[in-house]
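Welcome! Take a look at the sequence and structure below, and keep them at hand while you read.

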Amino acid sequence: DMAKSSKLVREAASEEEPVMVETSKEGRFTICWDPLDGSSIVDNNWAVGTIVGIWDKTTGMLGATGRDQVTSIVVLYGPRTTALVACDDGVYEFTCGEGNKWFA
């Protein structure tokens, strides 16, 4: 599990394990994610994706607002796989193309 082995991650949780787990005392970030949001509607052929929120260790996630996030990432899977990354200077969209190459 990448979150548990990363020295950058101080604490982490996912929808599957909704308990905040300390991973590295020296870590800088708190991360939370839903690895397959919408999995209950896959059989209806609706959109599914991955959602990731990243906060600085000084605010953590509990009690934080959206403005406290360092970044957030949403990936939508389907005929066109798209990743949206929110940064301080805007939102960036990347599309997975032929040969699993990502294009901005």
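This briefing goes from the overall layout to the charged side chains and ends with one lysine.

This is a predicted model, in which local features need pLDDT of at least 70 and side-chain atom pairs count only at pLDDT 80 or more, while totals for chains, interfaces and linings use all residues. Residues are numbered from 1 along each chain as its sequence is written, and side-chain values use heavy atoms, with hydrogens and water left out.

**Overall layout**

- Starting at the N terminus, the order of the elements is α-β-β-β-β-β-β-β-β.
- Along the principal axes, the C-alpha atoms fill a box of roughly 40 × 30 × 25 Å.

**Inside and surface**

- Of the 104 residues, 26% are buried, where buried means under 20% relative accessible area, exposed means over 50% and partly exposed lies in between (1.4 Å probe, protein chains only).

**Salt bridges**

- There are three salt bridges in the structure, each defined as a side-chain nitrogen of Lys or Arg within 4 Å of a carboxyl oxygen of Asp or Glu.
- Lys25 pairs with Glu22 in a salt bridge, with 3.3 Å between the closest N and O atoms. Lys25 counts as exposed at 59% relative accessibility, and Glu22 is partly exposed at 46%.
- Arg28 forms a salt bridge with Asp56, and their closest N and O atoms are 3.7 Å apart. This pair links distant parts of the chain, 28 residues apart: Arg28 sits in the loop between strands S2 (21–22) and S3 (29–37), and Asp56 in strand S4 (residues 48–56).
- Arg80 and Glu93 form a salt bridge, with the closest N and O atoms 2.6 Å apart. Arg80 is in the loop between strands S5 (69–77) and S6 (81–87) and Glu93 is in strand S7 (residues 90–96), so the pair ties together parts 13 residues apart in sequence.
- Arg80 is exposed, at 52% relative accessible area, whereas Glu93 is partly exposed, at 38%.

**A look at Lys4**

- Lys4 belongs to helix H1 (residues 2–5).
- Beyond its neighbours within four places in sequence, Lys4 is in contact with Glu17 and Thr23, contact meaning heavy atoms within 4.5 Å.
- Lys4 and Thr23 are 19 residues apart in sequence, with their C-alpha atoms 5.2 Å apart in space.

Conventions:
Helix = DSSP H or I, 4+ residues; strand = E, 2+ residues; numbered from the N terminus.
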